[in-house]
Amino acid sequence: LGMYSNYEFIMMGINLIIIALFKAVTASLGHAFLEKGNNKNDLYLKSQVINNWIACLCVGLYICLSQDFIMAWIGNEYILNDNILYAGGCVLYFIIVKSNLESFKDAAGMFNEMRNISILTALIKIILSIILVKFLGLSGVLLATAISVFLTSFWYYPYIFTKQLLSCKFRDTMKISIKNLAISFIITCSCYILCTFIDFGI
């Protein structure tokens, strides 16, 4: 766990930048929701696409460069295996995706509708962590975090949005979310494979 804190430090740095970005956008979204004539569906769908590219970029850089960064920073003995790196990338992706959903929730003032989802996410995370840690170790705990968000916030937020805020269908929004997830996975894997052939001289 102590060695993983170095990777977590990198993730926290990325996450702080993302949170600051979406906090700045929240006020603009709230103003846009109040103005007549603005297409909320268009705002939501475009933000999802932009958010996905941001997540894809951040996860790609994290997976491709973290090992080399830590090696140059504190040495080879603090490098963890790639499985933990991949699991951390999954966590980072869903953290960034959730940040965008949180911005829409805050902008629309939909606090009561979402109040119980965090409790459910935490319960699922605890149960999955206990199960997966026995088979996968630290990677299992990280995957439990990613899976818990995927099983709750990833679909529940869009469901509430389409029910109370947007006029598009929930099925259509989820198709876009799954498509974005698949695109990010393919691009990140491709970038990682390319990076394995590049010698950074570290």
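Predicted model: local features only at pLDDT ≥ 70, side-chain atom pairs only at ≥ 80, totals over all residues.

Q: How many cavities of 30 Å³ or more does the structure hold, and which residues line the largest cavity?

A: A cavity is a space where a 1.4 Å probe fits but cannot get out. The structure holds 1 cavity of 30 Å³ or more, and the largest cavity contains about 60 Å³ of space. Its lining consists of Gln48, Asn51, Asn52, Tyr93, Val97, Leu101, Phe154, Ser177 and Asn180. By class, these are 4 nonpolar, 5 polar and no charged residues.

Q: How is a pocket to be read, and which residues are closest to the centre of the largest pocket?

A: A pocket, by contrast, is an open set of points. The largest pocket contains about 370 Å³ of space. It is lined by 16 residues, of which Val59, Tyr86, Gly89, Cys90 and Phe185 are the closest to its centre. Helix 7 supplies the largest share of this lining, with 6 residues; helix 2, helix 3 and helix 5 (138-151) are also among the elements that supply at least two. The lining comprises 13 nonpolar, 3 polar and no charged residues.

Q: Which helix gives the most to the lining of the second largest pocket?

A: Helix 1 gives the most, with 5 residues. The second largest pocket contains about 260 Å³ of space, and the elements giving two or more residues to its lining are helix 1 (4-34), helix 3 and helix 5. Among the lining residues are Tyr4, Glu8, Val91, Lys125 and Thr145. By class, the lining has 8 nonpolar, 2 polar and 2 charged residues.

Notes: Residues numbered from 1 in each chain as written. Heavy atoms only, no water. 1 Å grid on protein atoms, 1.4 Å probe; cavity = no way out; pocket = protein on both sides within 12 Å on 5 of 7 lines; lining within 4 Å. Points joined across faces, edges and corners; volume = space filled by probe spheres on them. Nonpolar A, V, L, I, M, F, W, Y, C, P; charged D, E, K, R; others polar. Helix = DSSP H or I, 4+ residues; strand = E, 2+ residues; numbered from the N terminus.
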